[in-house]
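I opened this entry to record what I looked up, in the order I looked. The structure comes first.

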Amino acid sequence: MVQPAHSRLKSLTGRIATYTALLIWSGVCVFPIYWFGITSIKGFNDIAKGPRYLPFVDFQPTLASWRFVFTDHQDNLRLGYMNSIIVASASTLLTLTFGAMAVYGLTRLRPTIPWSAVALLGLGLSLGAIILFERAAWPWCFAVFALASIFFIAMRGWARGPMLEPHLIAFGLIASRILPPVTMIAPLYVMAEMTGLLDTQLLLILVYAAANLPAAIWLLQPAFGTRATEAEEAAYLDGASHPSILFTILLPMIRQPALAVGLLIFLLSVNEYFLAAHLAPGKAITMPPWLVSQISMREAQIIAEEDELSHLSAAIVLMVLPLLAFSITLQRFLGNRALWQR
Amino acid sequence: MAANPGVPVSFDHVQKSFGSVRVLEELNLQVAPGEFLVLLGASGSGKTTALRILSGLEAASAGRVRIGDRDVTDVLPKYRDISMVFQSYALYPHKTVAENIGFPLKVRKVPKAEQDIAIHDAAAQVQLETLLDRYPRQLSGGQRQRVALARAIIRRPSVFLMDEPLSNLDAKLRGHMRAELKHMQQSFGITTIYVTHDQVEAMTLAHRVAILEKGILQQLDTPANIYNNPANLFVAQFIGSPPMNIVKGALDNGTFRMQGESLATHVTGSAADAVLGVRPEDCSITAPANAALKGEIYTTELIGDHTLVTVKSNGSFLTVKAAKDFVAKPGETAGVAASTEHLYVFDASTGNRMR
Ligand SMILES: Nc1ncnc2c1ncn2[C@@H]1O[C@H](COP(=O)(O)OP(=O)(O)OP(=O)(O)O)[C@@H](O)[C@H]1O
Ligand SMILES: [Mg+2]
């Protein structure tokens, strides 16, 4: 195609402006990573003497911090690193599995749960509670609730009456995220303590999986569509079970958007600080709380021991690099028509 | 393999609506054991919907469905023992052709060695042996369709459901597959319901043809009867190529009257608004004086073994199948003659055939 001369000229100046702006913005984005990178190879003196920008020119790089991070008694770093990887991977896997199952159910099986069934569940739970915690003040409360439930069921019948439709369930899921996490921390802490899961990888895995499930469900839904495809129906006719249709037919067909959601969930989990800091401060510590603990612990000493800064930088680089790789993969999937152009 | 005895299938007052849209109205249909029944209808007439209700993928809004001596209306699809070819092929994109074809056996946990033999047999039947390692995206539309067909025939179910399984094949392969399907169906004796909008396919394959229009069963009969004894105007015009000639008029005690002319028919009775029908191959061109239907030659087309003559008569067109050496100039006046036993009369208000 031939463009008129003036438009080519215009596009040239336009392009220069665009690329200049992009370059500046990239610099802003990349600089912090660069800064952590070079700080991690600076010696004590170079940090103390003020800003130094170029290795070999401004200062003589040293691998002392990296050696320290990898070899010396930095068990905590390795611990945090491993914990982060295990917790984020396992919880992402769990979130994706249950998220996919939930979306499959909501879009394919059209569960319509009678409110009376919900009431029956309430009845069961309250009876269970009465048996479990025989507290003086509680039983009559539960008894009133139980009676109301029985009345409701008697009025409605088991399978008739108003239904809990999929879109209500989906809204309920997202509504559970309206509460700020800070309100969940106390009950979570108490439950963790009661079950003996406090400060374990398993606790974080379960909590993250639960916390990210609504997001996963909402993000996965577009890829699942609103009804079964004919390929699924063919498998169903041939006798395949719903789980095998989901995992061997449907998920392979939508693996790109599903993986993109998975990577997103992974990043959410691996960077989570608040819940991790409160629920797993010790042997199950993950990278974000560990980094923060390093900073606050050492703030007072930093002026005296600037090389701690380079240790910290090395740790940050170590944490960010795999995430960067993940993000680039994610970007490839997002750019690859998976999520946007289905 | 021993011939399957075949099971009867029946739709009993089956209705289907999607919201307020009525797609099937009171479908009553009995398919005999081992019968090859073709559901023929225009696009959107409800053919696929009928198959989906029989397969259990869609629930009927009302009515019962039976397979064999079982009422399967509330039975899950996998317990109905059917296999189906989908209009859209419905292949598994991430599985190879062999894995696609073998899937029904894999689900049933058939031993691997047995699966492989069956896959090769089924593939051979649809001429796919050389493509077993490919993925669906590497196949043409016709090849995909044959994979879908092979996946359906790898099992010996009680009922085969086929939704336009040959629509994407080229003419030669379609002819071959048609013969192959017919032979297969005869040798297996499996009750088959076959959906198509192609009347040649319907006529050549079917024991009986069910013609569906707007969710209403128009006629259910053998191909010959459908052609020779259409139950109503719709069937008469739908079947036959070129379509039946239609002339509007009135029936007066067995005599058809139009535009000052009249024609004796075998039909008894009267109707203020009637339609006369006659097939192009039952007509001949004669001198205008000898015929009630007359007009002027509009075009002649040499088709090969015959010539199609279009005659313009009172603003409408009549088609006549004439001998291949027929010659006439456009504008010449001509008469169109047909013998009385080839005349069909329909009541214009109901569309029903008058006899
Ligand atoms: N899930 C659905 N929701 C709403 N309307 C539907 C649905 N499925 C089919 N229909 C409607 O039902 C009618 C019959 O559809 P059906 O697919 O049975 O037609 P068909 O005879 O198979 O046509 P074709 O030859 O084009 O495949 C159509 O008008 C269609 O729009
Ligand atoms: Mg169809």
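**Ligand site**

I began with ligand 1, which lies between chains A and B. The model is predicted, with local features needing pLDDT of at least 70, side-chain atom pairs counting only at pLDDT 80 or more, and totals for chains, interfaces and linings using all residues. Residues are numbered from 1 along each chain as its sequence is written, chains are lettered from A and ligands numbered from 1 in the order in which they are written, and side-chain values use heavy atoms, without hydrogens and water.

I listed the shell of 13 residues around ligand 1, where near means a heavy atom within 4 Å. B:S43, B:G44, B:K47, B:T48 and B:T49 come nearest. By class I noted three nonpolar, seven polar and three charged residues. Here Ala, Val, Leu, Ile, Met, Phe, Trp, Tyr, Cys and Pro count as nonpolar, Asp, Glu, Lys and Arg as charged, and the others, Gly among them, as polar.

Next I checked distances from polar side-chain atoms to oxygen atoms of ligand 1. I read 2.5 Å for B:S43, 2.8 Å for B:K47 and 2.5 Å for B:T48. The protein covers 63% of the 640 Å² of accessible area that ligand 1 has on its own (Shrake-Rupley method, 1.4 Å probe; for residues, only the protein chains shown count as cover).

Which helix gives the most to the shell around ligand 1? I found helix α1 of chain B, residues 47-55, with three residues. Helices are DSSP runs of H or I with at least four residues, and strands are runs of E with at least two, numbered from the N terminus.

B:T49 is found in this helix. I counted B:T49 as buried because its relative accessible area is 12%, the cut-offs being under 20% for buried and over 50% for exposed, with partly exposed in between (1.4 Å probe, protein chains only). Leaving out residues up to four places away in sequence, B:T49 touches B:K16, B:F18, B:V23 and B:L24; contact means heavy atoms within 4.5 Å.

**Chain B overall**

I noted eight helices and 21 strands in chain B. Its C-alpha trace spans about 75 × 45 × 40 Å along the principal axes. Of the 355 residues in chain B, 50% are buried. Among contacts between residues at least 6 apart in sequence, 64% join residues at least 24 apart. The accessible surface of chain B is about 15900 Å², and carbon and sulfur atoms hold 51% of that.

Key
Polar contact = N/O pair within 3.5 Å; in protein donor to acceptor, adjacent residues only side chain to side chain.
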